[in-house]
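Here are my notes on this one, point by point. Have the coordinates open while you read.

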Amino acid sequence: MSFPWAEEYKPKHPAMQWLDQRLPLPRLVYGAIGAGYPVPRNLNYFWNFGVLAGAALAIQIITGIVLAMHYAANAGVAFDSVESIMRDVNAGWFLRYAHANGASMFFIVVYVHIFRGLYYGSYKPPREMVWMLGVVIFLLMMATAFMGYVLPWGQMSFWGAQVITGFFSAIPVVGENIRIWLLGGYAPDQAALNRFFSLHYLLPFVIAGVIILHIWALHIPGSNNPTGVEVKGPQDTVPFHPYYTAKDGVGVGVFLLVFALLLFFAPNYLGHPDNYIEANPLSTPAHIVPEWYFWPFYAILRSFTADFILPAKLWGVLAMFGSILLLFFLPWLDKSPVRSSNFRPVYRVFFWILVVDVLVLGYVGGSEATPVYLMLGQITSGYYFAHFLIILPIVSALERTRPLPNSITEAVLQGKSGSRMSETAVDGNVAPAE
Amino acid sequence: MASVDETLENPDPFLEKEGDSEHGDTDGDVRRRDFLSIAAVSFAGVGAGVVALPLINQMNPSADVLALSTTEVDLAGIEPGQAIKTSFRKQPLFVRNLTPKEIAEAEAVPLSELRDPQTLEQRTKTGHKNWLITLGVCTHLGCVPLGAGEGENKGPFGGYFCPCHGSAYDTAARIRQGPAPKNLFVPEYEFTSDTHVTVG
């Protein structure tokens, strides 16, 4: 698809030739994820995470469709139907735990995938559209995960729905009407539960569609690589199959091992005990927290405690959505022509500070809002925005980058392909700059 | 065939105009074909918009949900100092019979000290100043504050206390401390008799 030297699909079997002339689906697959797609030869294991995210989505769709055969989206019986899945349905406990923990695994691999992109500059030209479609997928994932968490109709489900739809009531004038429209009532109830189920079933397929666009857009320039240097010729690439199908296979194996550990030995570790209490609109749990993958954003939401022109609550909501929408503009905030952080000594430091910042935000978001945590959340929220809006533009303008290798092959032959994250970063003298 | 050729050689005046306008001759006339295209697409757009209306409107509260939008409360059994929790539009509703001491406390607070300045008079009905009727929904993120039930923590201002993020309300259910921006919401209600209220 991407390079002129890509292997052409030549079916040998007459049946396949017959099919190719009528519906060239095997040709499409061959060119997209087969031997017909040339990929940089120096990708490291961080490049597994796109495929892992795809595997996680497949697991969610399969377990989800099966769970929907046993679940009843009715506020009167939803909680009981989930308990019946756990106790009565054959292997129901396995399917539900796989679906709940599968969501966590999905977010883990997607977060690694996003930070991979940030480290290696995968959002930079000509891959801006790949990046922006990725942000769209991330937003869809968050909406899907939120609505899925409401379905068991436990206390955290109910109060999570109450709090999150409450964000919309922060919008001036029409906010409360929007909230009532979203819920189909004045508080989460039958109408809200039923529509959330409908959308929770729909959105994964929308995600799958946007993933196709994401991959389509990726295959025009081809994959980025750890050096960030463009592919210059056939010697820089290997066919996706068998090289990266095999490497991704290893990654999928490790992914499944970790998934199995979580699923079989700590299935409730990432959940909340409160969600095993049926939803009660008249009693709030003492400590409402969203699922772990929303904690950094929850911390940003809670960081605004004083009114400043606009009400504090509206600021919180704007900042929370802003923290994600900001990512759409990343390709234009970071103008450095060098992609990989291995050759960007200053940006690399700020990258790791951002990682720590987001981890602290996550920790704060999962903790109770005591004054100390609140202060920590305000500092780290401020830093998050400063990283993208102040630090990145300045660093990309002033930074003196290290010399880039002339080609991927040259870097590989010198053993400095950057396939380990720090090797080129430690030794800057890879090759003279052009 | 002949008639076709004839047509081609003698295009009607409308086709002639098309040729003219391409050369930048703007005599103010709208091309017939442009008009038809825009009109057709606009009409389809209006149709799509009309069909979208029910698709959007179906998400608004349905008739059975709206039917629950008034609640009758019997105040007879609530002694001064007591409160009950009932529900209005599936949300908790606090009905509280204030003691004279609580009324005095609420009235002693200067409005300048309040985040959301309102007097107790504005939050109750004339002649029924002891009946404080509010939603039990914290204006921060929607938790149910404590203080309506027997023995619950009423917080530092003697009204309600939200356990989620520590918002404290006074005896007129006005926000005094913590992250909530507003006083507890007073729904529309009226006294149908001395001991009966219709909320909504």
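1. A term first, since the core comes up below: a nonpolar core here means a set of buried Ala, Val, Leu, Ile, Met, Phe, Trp, Tyr and Cys residues joined through C-beta atoms within 7 Å. Keep in mind too that this is a predicted model.

2. With that in hand, look at the largest nonpolar core, which has 108 residues. A:Ala56, A:Phe106, A:Val109 and A:Leu193 are the ones that touch the most other members. Helix α5(A) gives this core its largest share, 11 residues. Apart from it lies another core of 8 residues, including A:Val229, A:Leu404, A:Ala411 and A:Val412. Back at A:Phe106, the contacts beyond four places in sequence are A:Ala53, A:Ala56, A:Leu57, A:Gln60 and A:Met141.

3. Chain A as a whole is made of 17 helices and 2 strands. Its radius of gyration is 24 Å against the 22 Å that the globule rule gives for 434 residues, so chain A is as compact as a globular protein of that length. The C-alpha atoms fill a box of roughly 70 × 60 × 40 Å along the principal axes, and 44% of the 434 residues count as buried. Of the chain A contacts between residues at least 6 apart in sequence, 76% join residues at least 24 apart.

4. UniProt, in an unreviewed entry, lists "domain: Cytochrome b/b6 N-terminal region profile" for residues 15–227 of chain A. That stretch is 70% helix and 1% strand in the model, with its end C-alpha atoms 43 Å apart.

5. Where does UniProt place the feature "binding site"? The unreviewed entry puts it at A:His99 and A:His200. A:His99 sits in helix α5 of chain A and counts as buried, with 20 C-beta neighbours inside 10 Å. Leaving aside neighbours within four places in sequence, A:His99 is in contact with A:Gln60, A:Thr63, A:Gly64 and A:Leu67. A:His200 belongs to helix α9 of chain A and is buried as well, with 21 such neighbours.

6. On to the A–B contact, which takes 23 residues from chain A and 20 residues from chain B. On the chain A side, the elements giving two or more residues are α7, α8, α9 and α12, and α7(A) has the largest share with 3 residues. That side divides into 13 nonpolar, 7 polar and 3 charged residues.

7. Elsewhere, B:Ala52 lies in helix α3 (residues 32–57) of chain B. Is B:Ala52 buried or exposed? It counts as exposed, because it has 10 C-beta neighbours inside 10 Å. B:Ala52 and B:Leu132 are 80 residues apart in sequence and 43 Å apart in space, C-alpha to C-alpha.

Key:
Residues numbered from 1 in each chain as written. Chains lettered and ligands numbered in written order. Predicted model: local features only at pLDDT ≥ 70, side-chain atom pairs only at ≥ 80, totals over all residues. Contact = placed C-beta atoms within 7 Å. Helix = DSSP H or I, 4+ residues; strand = E, 2+ residues; numbered from the N terminus. Nonpolar A, V, L, I, M, F, W, Y, C, P; charged D, E, K, R; others polar. Rg over C-alpha atoms; globule rule 2.2 N^0.38 Å. Buried ≥ 20, exposed ≤ 12 C-beta atoms within 10 Å, placed from the backbone. UniProt positions renumbered as here; feature names shortened; annotations may be inferred.
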